[in-house]
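Hi,

Here is the structure I said I would pass on. Have a look at it first, and then read my notes below.

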Amino acid sequence: MAPNVSANNSSSVLVGIDFGTLSGRVVVVRAADGAVLAEAVEDYPHAVLSTALPGSDRPLPPDTALQLPEDYRGVLRRGVPKALAAAGIGADRVIGVGTDFTACTVLPTTADGTPLCELPGFADRPHAYPKLWKHHAAQPEADEITRVAAERGEPWLPRYGGRISAEWQFAKGLQVLREDPEAYARADRWIEAADWIVWQLCGRETRNVCTAGYKGIHQDGAWPSRDYLAALDPAFAGFADDKLAFPLSQLGARAGGLSAEAAALTGLPEGVAVAVGNVDAHVTAAAARTVDPGELLAVMGTSTCHVLNSDVPAEVPGMCGVVRDGIVPGLWGYEAGQSGVGDILGWFADGFLPPEYVRAAKRAGTGTHELLSRRAAAQPVGAHGLVALDWHNGNRSVLVDHSLSGVIAGATLATTPEDLYRALVEATAFGTRTIVEAFETAGVPVHGVTVAGGLTRNPFVLQVYADVLRRPLHVTDADQGPALGSAIHAAVAAGAHPDIRAASAAMGRVRRDAVRPDLRDSAGYDRLYDVYRDLHDHFGRGGSDALHRLRRIRNDART
Ligand SMILES: Nc1ncnc2c1ncn2[C@@H]1O[C@H](COP(=O)(O)OP(=O)(O)O)[C@@H](O)[C@H]1O
Ligand SMILES: O=C(CO)[C@H](O)[C@H](O)COP(=O)(O)O
């Protein structure tokens, strides 16, 4: 039964669910003003499958990153009731639910949405599982997709900065065709997890303009032509028509009502509005109030996504994509990104510290990130004599090459862990500066920079970014920015606010100018950034193919 709470009732609440890389986060939010009444985090029991499938000891190939659909359902089954209980409110006050997902996280399903990996006989086939956004094993297919598109002068290629990423739908789909043609043939649908989860909630398939545009190659109302796909592989000709095609829904629209099955799973009332699916970064623009042209949002977590609206389409070399209505209906939405940010810091802080650092952090009652940040912050800019390249998870923008890897230049016998940590933080900030400059150089103005995501909890990281960018940073005032954004979209789908802009103004939360640059430090960072640019172009633009050779040597040795 639909609840008896009207859309504009002051007691109405929304549920927003953010499906992240390792967990799902659920928030319960007041429709009137966006106040977060409660939140719950539900870890995925199987996290990321990168070494073996559950119950198997057969090693997965390098750069594989898979997940389990049942872990996503667990967030609905356990996370939603937990958040409702923590809010201490009756489920009958909920008028809508909105979701966002990492992307491109994509899975093969049957015509009724059953994931292939759940069919008898498919549990031991890696290509039957959802491929997480950071599954980078489809780089050869991505290179081929780009090369053939460039040769044929496909008109959509400049909308993707001139290169199609290994992370996106077509590269991953072509990899399945090449490596497991039976699984490819059995998949009736190839669907973003962002749309699959909405299917689980309202019992019918929908497809959103955001993932279709950025992660699929849907531009100006069309998918890539059959001719183009056949030029990649005759067996791939029907990929878009057969497995992707579906009428696209605008962001903020109502995908349907919550089904009886999903109501039983979540404890939410049957029939409440379910918002159209969305991507974690793009949905956060509503929470961060960055829905107007020129307001760049950097969602800084495991990776960083940069999203930005503009009145005009432009060709920005190395961006992920520009999509009409891709963030907010009526504007051109741009996306760029860095595939590793928090993950690079975590890789170092969790794996490479001498025991005395771990003990010192324990004694101080903090984590290793806090200890390293405090020690690194005490240094003058440049005192470590280091510059790093932030490519430990490949380069998403502006080089679009996931065969690249990390570099640290300048290490000596005097280099300390806090020096290295600082150099890695700076490298990620330089990566963001490279992206901001690419937008501006291409004629897409960046008036302001807002940051969101888990890394905003680290004041040292924020200060480095403000100094490197020479700009004040606005900081999203919500612990779970994407989940709040999803709740805002749910409010629009439920009719509590007329559109995303109005809902963002009423429910979004941001601290303007929360971090100001120290321009003396900016001058020091400019000198380091010059070195970063040199190394970036040397290793990333053909000066040396050392990183590609190392990747080949690694893959040969492992196979
Ligand atoms: N204090 C910290 N400073 C910098 N990075 C951190 C800190 N704590 C955790 N991280 C990193 O932040 C990332 C998690 O970010 P978060 O936004 O919470 O998740 P997600 O990107 O999955 O949404 C991890 O990669 C982790 O290594
Ligand atoms: O590319 C994306 C969005 O377009 C991914 O969802 C994102 O990079 C992964 O997000 P997170 O770092 O927050 O886990």
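**What I found**

Arg527 sits in helix α18 (residues 519-540); helices here are DSSP runs of H or I with at least four residues, strands are runs of E with at least two, and both are numbered from the N terminus. Arg527 counts as exposed, because it has 12 C-beta neighbours inside 10 Å. For that label, a residue is buried if 20 or more other C-beta atoms lie within 10 Å of its own, exposed if 12 or fewer, and partly exposed in between, with C-beta atoms placed from the backbone. Arg527 and Val381 are 146 residues apart in sequence, and their C-alpha atoms are 9.8 Å apart in space.

Before you go further, please note that this is a predicted model: local features need pLDDT of at least 70 and side-chain atom pairs count only at pLDDT 80 or more, while totals for chains, interfaces and linings use all residues. Residues are numbered from 1 along each chain as its sequence is written, and chains are lettered from A and ligands numbered from 1 in the order in which they are written.

**Domains**

The protein chain is divided into domain 1 (13-275), domain 2 (289-339 + 436-515) and domain 3 (342-434 + 520-558), with bounds that come from an automatic or database domain assignment. The C-alpha centres of domain 1 and domain 3 lie 31 Å apart. Where these two domains touch, nine residues of domain 1 are in contact with eight residues of domain 3; contact means that the C-beta atoms of two residues, placed from the backbone, lie within 7 Å. The domain 1 side of this contact has two nonpolar, four polar and three charged residues. In that count, Ala, Val, Leu, Ile, Met, Phe, Trp, Tyr, Cys and Pro are nonpolar, Asp, Glu, Lys and Arg are charged, and the others, Gly among them, are polar.

**Core**

Which residues have the most contacts inside the largest nonpolar core? They are Leu14, Val15 and Ala491, in a core of 177 residues. A nonpolar core is a set of buried Ala, Val, Leu, Ile, Met, Phe, Trp, Tyr and Cys residues joined through C-beta atoms within 7 Å. Helix α14 (residues 417-441) gives the most to this core, with eleven residues. Leaving aside neighbours within four places in sequence, the contacts of Val15 include Val26, Val80, Leu268 and Ala490.

Val198, in helix α5 (residues 193-202), is buried, since 29 other C-beta atoms lie within 10 Å. Beyond its neighbours within four places in sequence, Val198 is in contact with Thr99, Thr206, Ala255, Val274, Val276 and Gly277. By contrast, the C-alpha atoms of Val198 and Leu404, 206 residues apart along the chain, are separated by 35 Å.

**Helix packing**

Helix α13 (residues 368-377) and α14 pack at an angle of about 90 degrees, with their axes 9 Å apart. Axes are lines fitted to C-alpha atoms, for helices over the stretch in contact, and angles run from 0 to 180 degrees between N-to-C directions. The two helices α13 and α14 are therefore roughly perpendicular to each other; angles under 35 degrees count as roughly parallel, over 145 as roughly antiparallel, 65 to 115 as roughly perpendicular and the rest as oblique. Leu372, Arg375 and Ala376 in α13 meet Pro417, Glu418, Tyr421 and Arg422 in α14. By class, this contact has four nonpolar, no polar and three charged residues.

A second pair is α10 and helix α16 (residues 481-493), which pack at about 70 degrees with axes 7 Å apart. That angle makes α10 roughly perpendicular to α16. The residues that meet include Val283 and Ala287 in α10, and Leu484 and Ile488 in α16. Their contact has seven nonpolar, five polar and one charged residues.

**Backbone points to check**

Most residues other than glycine have a negative phi, and most peptide bonds are trans. Ala47, in the loop between β3 (36-43) and α1 (69-87), has a positive phi of about 45 degrees and counts as partly exposed, with 14 C-beta neighbours inside 10 Å. Arg289 has a phi near 55 degrees and lies in the loop between α10 (280-287) and β11 (295-300). Arg289 is buried, with 21 other C-beta atoms within 10 Å.

There are also cis peptide bonds. One runs from Ala103 to Cys104, with omega near 0 degrees, and Cys104 lies in the loop between β4 (94-101) and β5 (106-109). Another joins Ser397 and Val398, with Val398 in the loop between β15 (387-389) and β16 (407-409).

Best wishes
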